[in-house]
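These are my notebook entries on one structure, written while I went through it. I took the topics in the order in which I looked them up.

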2 protein chains.
Amino acid sequence: MKKLNRNQRVIGITKILTDSPNKVINLNVFTEKFNAAKSSISEDLMIVREVLNSLNMGTIETIAGAAGGVKYRCNISGEEKLEFVDELCTLLKDKERVIPGNFIYMTDIMYNPEIVRKAGLVLASTFSNLDVDYVVTVETKGIPLAYEVAKMLGVQLVIVRRDTKVTEGTTVSINYVSGSSKRIQTMSLAKKAINKGSKCIFIDDFMKAGGTALGIFNLLKEFESELLGIGVLIDNMETKNKLVEHYISLAELNGIDENGSVNISPSERIK
Amino acid sequence: MKKLNRNQRVIGITKILTDSPNKVINLNVFTEKFNAAKSSISEDLMIVREVLNSLNMGTIETIAGAAGGVKYRCNISGEEKLEFVDELCTLLKDKERVIPGNFIYMTDIMYNPEIVRKAGLVLASTFSNLDVDYVVTVETKGIPLAYEVAKMLGVQLVIVRRDTKVTEGTTVSINYVSGSSKRIQTMSLAKKAINKGSKCIFIDDFMKAGGTALGIFNLLKEFESELLGIGVLIDNMETKNKLVEHYISLAELNGIDENGSVNISPSERIK
C-alpha cells in the first residue's frame, strides 16, 4: 500500500488500538500495515497517547520485551461519568416505566448499546486496575453490560445459567437462597468455562439483597477461583441488609413515591 | 481547552465517530470539543474518511440539513473476512471440543469479545444497507453476537425469552415447533419491546432446521413487524431441510468424522 503521512497513520493507529482494549499490539503490526519506520510509529503513538489522555478517552501503555508492544486502556472523566449517570436516572424516573407489581421496566435500557457502552465504560474503568481473568454474569438482562465490561478489559465473558444445557458438557451446579424472596434457586456453569485459580468480577443489572452475587462467590469457590469485585447498574436501597459488602453501583433506587414516580439517584458508591 | 492541531484533532474525531456507529454526530460536537472552525473540522473529516476507506475500516457519510452531521459505518475487507472465518473454523475443528452426545462445545467462542467483535462486524457489514430498527435474538448463547451487531448498526437489541418474567410487564408468547427435535417450545417478548411496523434482523449462534428463526418470524408478525434478514455464526448442514430460505452464516458444520474431528468450513453464503 502507498505510504501514509502522520495525519493518516494516527487515524489508523487510533482505530486499531481502541478496537482491542487491553490487548498488547506489537509495533510490527503498525510498521507493516502503514509501511513506516519503527521510529515514526513510536512518535505517532506518543501523539495518540497524549491526545487520548488529554481528552480523557483512555491511556496507552507500553509493554517492554520481545512479546511487548502497546495496549489501550479505556477511561472516562469524572465529569462525563456523573453526566451519564444523571441522564440514566432521568430516563428511569419516567412514570411510564412502573409496571404491575411496582416493578420498573428497564429492559430497553439494558439492551440499548449506547447506554450499555457508557455504563460498561464506567464499570470497566473502575475495575481496570484489578487484572482480572474473567467477567462473570448470570443470564439474561445483564449480559450486554457484562459483555461490554469484558470487552473493555480484554478478557473472556462467562455466563452462568439458570438451567443446564446438553451443549455445555459437564457442569457444576449450586443451590443458593435468593436474599429477598428467600427462594432456593440453582445456577450452573460448564466445567470448561473457568480455569482454576482465576480472578473474576461479577457484573449484573440489578441488586436487591445480593443473593445472586453471594451465589456467584460460592460457585467460583467450586472453580478454586476468586471474586475480586462486584458491579451493578442499579442498587435497590429498599433492601437494607445486603449479603455482600463490597460492590459498586451506578444508581440507587429508593422505591416509587406516592405520585407514582420512580425515586432514583446517582449512587454514592461511584462519586 | 487548548487548541489542538490537525494531527491531534483527527485522533479525537476517529475515536468519537467509531465509538457510535451509525449515529449522526453534528459538526458542532467537534467544533466545540476541539475549539476549531467548522472549515477545519470539515477538512479533518475528509482525511479521516479517506484513511478509514483506504484501510477498509469503514466509511463516513455526510447527512445534510439542520439535523445533519456525519456518521460512521463499519466495514471489513473481503480478505479480512475470509481470514477471520478460516481462523474460526480452525478453532472449532479441535477434537477437544466434542462433548458427549456429539455436540460441539463453543460457548467460549460465543463469549470471547475479540471473536464476537469480528463476527459481529462481518454480519453487521452484510446487513448495513437494510436500515433496520432492531436486532433480535433468543437467549442465551447468541446474545453477545447480536449485541455487537446491534451496536454496529446503531440500533436497539431485543432479546426474546424462553419464559416470562414479572419485570417485563405484558408479554406476547407464541408456541413453535423446533425444526429438528419436533418439540413444542415457547418464546415470549415484552409488548413494550418492539414498536409496530418495525424492520428487524434475527441473529443467533447456531442454526439447525431454522425452527427458531421461523418462530421469530411469526412472533414479529404479532408485533406487526417484519423480519428482513437472518444471520447465524454456524449452520448445521446435516439438517438438510431448512424451514427458512434466506439467511447468511459464517461457517458450515458437516458433522464429526470417523477420527473424531469436527468437519467445519467457511460458509458458501458469505463468499
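**Entry 1: helix α7 of chain B.** I looked up burial along α7(B), and found B:Ile143, B:Pro144, B:Leu145, B:Ala146, B:Tyr147, B:Glu148, B:Val149, B:Ala150, B:Lys151, B:Met152 and B:Leu153 buried. I use buried for under 20% relative accessible area, exposed for over 50% and partly exposed for what lies in between, with a 1.4 Å probe and protein chains only. That is 11 of the 11 residues of the helix (residues 143–153), so α7(B) is largely enclosed by the rest of the structure. Just after α7(B), B:Gly154 has a positive phi of about 70°. Helices (H or I, at least four residues) and strands (E, at least two) are DSSP runs numbered from the N terminus.

**Entry 2: basis.** I note that this is a predicted model, in which local features need pLDDT of at least 70 and side-chain atom pairs count only at pLDDT 80 or more, while totals for chains, interfaces and linings use all residues. Residues are numbered from 1 along each chain as its sequence is written, chains are lettered from A and ligands numbered from 1 in the order in which they are written, and side-chain values use heavy atoms, with hydrogens and water left out.

Entry 3: I checked B:Leu121, which lies in helix α6 (residues 113–127) of chain B. B:Leu121 has a relative accessible area of 11% and is buried. Apart from neighbours within four places in sequence, B:Leu121 is in contact (heavy atoms within 4.5 Å) with B:Cys74, B:Asn75, B:Ile76 and B:Met152. I also took the C-alpha to C-alpha distance from B:Leu121 to B:Ile13: 21 Å, at a separation of 108 residues in sequence.

I then went to B:Asp44 in helix α3 (residues 38–54) of chain B. B:Asp44 is buried at a relative accessible area of 0%. Not counting residues up to four places away in sequence, B:Asp44 touches B:Arg6, B:Arg9, B:Val10 and B:Ile13. The side chains of B:Asp44 and B:Arg6 make a polar contact at 2.6 Å. A polar contact here is a pair of N or O atoms within 3.5 Å; within protein, one must be able to donate a hydrogen and the other to accept it, and residues adjacent in sequence count only if both atoms are side-chain atoms.

Entry 4: I looked at β7(B) (residues 171–177), whose covered face holds B:Val172, B:Ile174 and B:Tyr176. The uncovered face has B:Thr171, B:Ser173, B:Asn175 and B:Val177. β7(B) pairs with β8(B) (residues 184–190) in the antiparallel sense over 7 bridges; pairing requires at least two DSSP bridges between the strands. B:Val172 is opposite B:Leu189 in β8(B). The two strands form a hairpin with 6 residues between them, and B:Lys182 in the turn has a positive phi of about 60°.

**Entry 5: chain A against chain B.** I found 59 residues from chain A and 59 residues from chain B in the contact. The buried area is about 5,300 Å², with 63% from carbon and sulfur atoms; this is the accessible area (1.4 Å probe) that two parts lose on being put together, summed over both. In chain A, A:Ile11, A:Tyr111 and A:Tyr147 lose the most area to chain B, together 12% of what that side buries.

I counted 8 salt bridges between the chains, a salt bridge being a side-chain nitrogen of Lys or Arg within 4 Å of a carboxyl oxygen of Asp or Glu. B:Glu168 forms a salt bridge with A:Lys141, with the closest N and O atoms 3.9 Å apart. On the side of chain A that touches chain B, α1(A) gives the largest share, 11 residues.

**Entry 6: salt bridges elsewhere.** In A:Glu61 and A:Arg73 the closest N and O atoms are 2.4 Å apart. A:Glu61 is in β1(A) (residues 59–63) and A:Arg73 in β2(A) (residues 69–73), 12 residues apart. A:Glu61 is partly exposed at 27% relative accessibility.

A:Lys242 and A:Asp235 form a salt bridge at 2.7 Å, N to O. A:Lys242 is partly exposed at 21%, whereas A:Asp235 is buried at 0%.
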